Amino acid sequence: MSGRELFCQPRRVRRGAALTLVFAGLLVTGAATGAFPDPGQSDRKTPAGAARATAGHEDVAKAAAEAMADGKSPMEAAERAVSRSGDRWAAVYSEGEYQEFEEALDGQYTGVGLWARRTADGRIDVTKVQAGSPAAEAGIRKGDRLRSIDGEDVDGRPVTDVVSLLRGDATDARAGTTVTLGLERGTRAWSETLRRALLSTDSVTVRKLSAGITVIRISAFTRGSGELVRTAVRQAPADGGIVLDLRGNSGGLVSEAVTAASAFLDGGLVATYDVDGAERSLHAEPGGDTARPLVALVDGGTMSAAEMLTGALQDRGRAVVLGSRTFGKGSIQMPTRLPDGSVAELTVGHYRTPSGHTVDGRGITPDLEVSSGALERAETVLSGLGDPS
């Protein structure tokens, strides 16, 4: 197992409440005003009254308000109301946890800049140090052993727990707070106190393979990621194929996923969705590259907006989808700000691929099922797609 601070979801998510970097524009705007943002335009709200509050939201808001009036915790009351709703994607987040989501959508996270993995014998090793991060400035290196965090022994603990301690999830730690690491390198053992910082993530990475193949990996649809994909496509060799790696992509801003789709489609439908029974649609911009051979890699960690992009490319015959069945998260959450600053999110609708395929609870079946060696198989497929004979 391995992990990085960005991808450790807040503790309520880890205990199974939801994953909500999903189908939204500016969630904080919707939470503050009660209007659901238009997923196709992240800086615009829908017309007044177009997205009315559901009965579920009203129940949760009422429970929180009553708890506040009685001197009790609005957040705990909201959590009880959510648990009774039967909505499997519903969740309640503290103000600090929701701030983490906002940072993540901006392509940022609060932490010290470490990647870590657990070895077979249970030790936690540093696998990468982000350049310019507090960890890098302290001289921590790849291969160092992480023994403790704020006095807590981390040997044998899940990587998700280790990352949570680094980020300070339990205390909603912000940038500037300190964390003390116990480290080991060879025969040297020492402690290092670092200040957490707001760090940038690389949500889109590009690399070249042999035969002119370009691999574009999207780890999350953060702000600006769609345009980075379009730039990568424009800069790819004209006579080479493209591998779009969406494995482990848990979603993000749908507007960015639509922009990414526009890199490969010449306009047309990306998805349809409904909010409180009103059907709407999302369309790609015209002028995308429809000529280069394209393979999309997916797995069980491909979720939400990443599934929407996969479904559009598959249904419209633009890409060969290779890998394993995707997660199956195709619902839309509407946020509501509660009296204590916490946020409740409940499902208000679902989206469908261009052919009308419902993703939620089903996922997307790849054209070619591959359990291992997916990238090598993708190269083989691209060589066939690029053969004019």
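This short talk walks through one predicted protein model, from the whole chain down to a single arginine.

First, the ground rules. Residues are numbered from 1 along each chain as its sequence is written. Because this is a predicted model, local features need pLDDT of at least 70, and side-chain atom pairs count only at pLDDT 80 or more, while totals for chains, interfaces and linings use all residues; side-chain values use heavy atoms, without hydrogens and water.

Now confidence. pLDDT is the predictor's confidence in each residue, from 0 to 100. The mean here is 84, and 85% of the residues reach 70 or more. Residues 1-53 stay under 50. Where pLDDT is low, the predicted coordinates should not be read in detail.

Next, the overall picture. The protein has eleven helices and 20 strands. Those are DSSP runs numbered from the N terminus: helices are H or I with at least four residues, strands E with at least two. Of the 389 residues, 56% count as buried, meaning under 20% relative accessible area with a 1.4 Å probe, protein chains only. Take contacts with a separation of 6 or more: residues 24 or more positions apart account for 69% of them. A contact means heavy atoms within 4.5 Å.

Let's look at the sheet. Six strands form an open sheet, in the order β11-β12-β13-β16-β17-β20, with mixed pairing. Two strands pair if DSSP finds at least two bridges between them. Which strands are at the edges? They are β11, residues 204-208, and β20, residues 368-369; each pairs on one side only. Strand β17, residues 320-323, runs parallel to β20, and two bridges join them. There, L322 stands opposite L368.

Helix α11, residues 374-385, lies across β11, β12, β13, β16, β17 and β20. It runs at about 160° to β16. Axes are lines fitted to C-alpha atoms, for helices over the stretch in contact; angles run from 0 to 180 degrees between N-to-C directions.

On to R292. It sits in the loop between β15 and β16. Is R292 buried or exposed? Buried, because its relative accessibility is 9%. Its side chain reaches the backbone oxygen of A236 at 2.7 Å. Beyond four places in sequence, R292 touches several residues, including V233, P237, I242 and R318.

Last stop, helix α5, residues 95-105. Nine of its eleven residues are buried, so it is largely enclosed by the rest of the structure. Among them are Y98, F101 and L105. Just after α5, G107 takes a positive phi of about 75°.

Methods: Buried means under 20% relative accessible area, exposed over 50%, partly exposed in between (1.4 Å probe, protein chains only). A polar contact is a pair of N or O atoms within 3.5 Å; within protein, one must be able to donate a hydrogen and the other to accept it, and residues adjacent in sequence count only if both atoms are side-chain atoms.
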